[in-house]
Every structure is written in structure tokens, then in C-alpha cells.
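Good morning, and thank you for coming.

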Amino acid sequence: MSQPPLPKAIIVLGPTASGKSDLAVDIALFIKKHHILGFSNAAVISADSRQVYKGFNIGAGKITHTEMRGIPHYGLDIASPKRRFTVSQYQRYTNKILSHLTKQHTLPIICGGTGLYIDSVLYNYVLPKVKPNLALREKLEKLSTEKLFLLLIKKDPTRARTIDKHNRRRLIRALEILHEQKTISPLEKSLAFNALIIGINPTQQILYTKIHARLLKRLHAGMIAEVKKLHAGGLSYARLESFGLEYKYVAQFLQGKISKQEMIAQLEQEIKKYTKRQMTWFKRNEGIQWINQANIGLIKKNLITFLNK
RNA sequence: GCACGGGUGGCGGAGCGGUCAAUCGCAUCAGACUGUAAAUCUGACGCCCUAUGGGCUACGAAGGUUCAAAUCCUUCCCCGUGCA
């Protein structure tokens, strides 16, 4: 009962500002140069829930054309911020790219900080196939959290046992699914790749220093103008705020809700908090090989071993 | 100098005799995660312990009143405002 071997892939993850994008390109170039085990090419697939959007460049820290150094990148600019984009769409998109790359014997390097996006692909999440139902959501939104939970208990007591009963967003989604299905079964997962997972986790002090410097750099690079332009292009401030971090606080500043100083201070603090949430997610994956800086020298041996295996 | 107002846990800010180690917000720490995931949500948060309980130190400082004080009184020290 031998199963076909899983396709190989490299995953580069870590908190924001840890240096993932550069490392991913370094790895791709390394593979291209050494032609290890039939892989003469490599491409990067971004796993970032904000870089998918067109026009989200500086604020989202999207890699520039020059920084790509000739390595193909996928998962960038694939959606309009005017429309909703979800994990499910990301998953479908990425799987399509992956099979395309496999046919070309190009090694995929999935690189990003959105843990859910990575795992949805790496573990083949079987997500409920129920699309967002805005009308229903609007209706449910009016109910109290307690009431939502009671409704869920009634419709699917099993799901109710494991859900976070305080989390309205989850409760509403669960009820949305149950609007079209009888029950919600536990999330099905299965490993999709033979993956080398590299996690970059600098010390908090170094990471915080980088976050600070990067924020100032983004401001100089025209982050405020970028958000202004997005708003002029038709994105409401409310919508911009819903994207969080850079887009949220710059939008608040542009509306005069906070001063520039407050914007910078709050944003920096929120980014730090975000990196902690990211790490909380990553920590539950046992298979990550952690390094404390985005330096390819630290992983060359692992790479070669992995690819020749 | 006089008159008011105020000094509370890392910060902001409640409490104004007992149910107060002290509402709440922020920060911090830890965690969750079934199509919004940069989102959403939870827990801990004075110190110590044999920890759904016990002990110790606490509300500017020092005294005092009381069975009992962050809460009342006295003095002192600081801060803000008004009058000199």
C-alpha cells in the first residue's frame, strides 16, 4: 500500500518584518544556480492576505519588481480590494498555481505571514463549500451573541461544543453554513506536501527595531499617499479600516480621527501585537525549522538534504 | 502666602467607612482559530504559597478616630487652577 510521494515544496514563514521575502528569493536563486535533483527553477507563491490586493503596495510591504531578481512571484495583485477575498479563494488559486509549477518542474516556495493561508494549502483544508451570504449575515448581525450561540446549539449541538461562543464572526459563519447544510463536520486536513518549512523568528528586540525602522521607511516611501489614492479610487474609509494595520491607521489619520504622531505610535504597537498573534499560530506547527535571521547560509545544508532526499 | 481641586496598581481613570488586591479602558503576557485571518475572539495580570483556597504588602508620607479606612480627622510633602 505505498502511496505516491508527496510533491516537494519549501515554505518560508515568520512574523512580519522578519525578512521572509528576501530569503525566499535567495532560496529560489540558490536552486536555480545549483539545479538540485531536477529542479532547475523555483518560483515564489505569496501567502499574505493583504498583498493579494491590487494597489496595496507600500502599506502591505509587497515585494518590488527589482527585489524579485527575476524570480516569478504568484499571489500578488490577484484581487481587487473592492471585493471580498477569502482563504477559500486563496486556496483554489494557489492549488492551481501549484499544479502548474509541478508540470514545469519548478519548485514552489510558499512565502508569507498569513498562517491560515499557508495551512489551508499545506494541510489541504476541506472548508465548507458555503459561500458568504451577506443578506443572512446582516440579519444575524442584529442578534445578541448569546442568542446566536443558542441558535447554533439548536441547529448543530456538536459544532456548538467546539466553537468559541463569544466569537460572533464564527457564530454567524457557522449559522450561515447551517443555512445550507444539516451539520458542520470537523475540519478535514491532510498533508499536501513534503515540505521543508523554514521559520524566521528573530529575537523580539531585533524584530521590534526592524518594525520601527520599516514603518518610518514606509512613511517616507509614500504610504500615506498610497492610502489617499486608494480612497480616491473608490475605497471607503470604513473599508480601508477593515484591512487593519497600515490601512486602518492611515485611514484614521486621513479622516482626522488621530494625529500623525498617534498614527505612528498606535500603528507600531499594533504591528508588534500582530507579530505575536502570528507566532501564536505558527507555534502549533511542530515541523517548522526555526532560524533567528533571514540568512540563507543557515539553511543551505538543510536545503540540499531536503531536495536530494 | 491665601482659597479651592487633586495625589489610587506600568499608564489613564473609578471607588469615597465594611461585600476592595481595588469597576473599567490601555499596555503587557499567554492562548484560540471549520470561506472576513493585518480579521475576530478568550484568559491572566501586586507579591508569595501545598493555590475554585490561604498568607503578606498596598491606594503620596506620618500619625489618629473606628470592631473595620483607599474611603473620616490632623500634620507634612508634591501637582493643577484662582486670588494676592
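**Domains, helix packing and the RNA surface**

In chain A, the domain assignment gives three entries: domain 1 covers 8-125 + 189-202 + 285-308, domain 2 covers 134-178, and domain 3 covers 204-279. Please keep in mind that this is a predicted model. Between the C-alpha centres of domain 1 and domain 2, the distance is 34 Å.

Let me turn to the helices, starting with H8 and H12. Helix H8 comprises residues 204-220, and its axis comes within 10 Å of the axis of H12, with a crossing angle of roughly 140°.

The axes of H11 and H12 come within 9 Å and cross at roughly 165°. Angles over 145 degrees count as roughly antiparallel, and H11 and H12 are therefore roughly antiparallel to each other. H11 contributes Leu245, Glu246, Tyr249, Val250, Gln252 and Phe253 to the contact, while H12 contributes Lys260, Met263, Gln266, Leu267, Glu270, Ile271 and Tyr274. These residues divide into 8 nonpolar, 2 polar and 3 charged.

H11 has a further partner, helix H9, which spans residues 223-232. The axes of H9 and H11 come within 10 Å and cross at roughly 80°, and that makes H9 roughly perpendicular to H11. Here Met223, Ile224, Val227, Lys228 and His231 of H9 meet Glu246, Tyr247, Val250, Ala251 and Leu254 of H11. The contact of H9 with H11 has 7 nonpolar, 1 polar and 2 charged residues.

Finally, I come to the RNA. How many residues surround RNA strand B? There are 51, and the closest are Ser49, Ala60, Ser88, Gly244 and Leu245. Two or more residues of the surface near RNA strand B come from each of these elements: helix H2 (87-103), helix H3 (115-122), helix H6 (157-162), helix H7 (168-178), helix H11 (245-254) and helix H12 (260-282). Which helix gives the most to this surface? The answer is H12, with 8 residues. By class, the surface near RNA strand B has 17 nonpolar, 16 polar and 18 charged residues.

Thank you for your attention.

Definitions and conventions. Residues are numbered from 1 along each chain as its sequence is written. Chains are lettered from A and ligands numbered from 1 in the order in which they are written. This is a predicted model: local features need pLDDT of at least 70, side-chain atom pairs count only at pLDDT 80 or more; totals for chains, interfaces and linings use all residues. A residue is near a molecule or strand if its C-beta atom, placed from the backbone, lies within 6 Å of it. Helices (H or I, at least four residues) and strands (E, at least two) are DSSP runs, numbered from the N terminus. Ala, Val, Leu, Ile, Met, Phe, Trp, Tyr, Cys and Pro count as nonpolar, Asp, Glu, Lys and Arg as charged, and the others, Gly among them, as polar. Axes are lines fitted to C-alpha atoms, for helices over the stretch in contact, and angles run from 0 to 180 degrees between N-to-C directions. Domain bounds come from an automatic or database domain assignment. Angles under 35 degrees count as roughly parallel, over 145 as roughly antiparallel, 65 to 115 as roughly perpendicular and the rest as oblique. Two residues are in contact if their C-beta atoms, placed from the backbone, lie within 7 Å.
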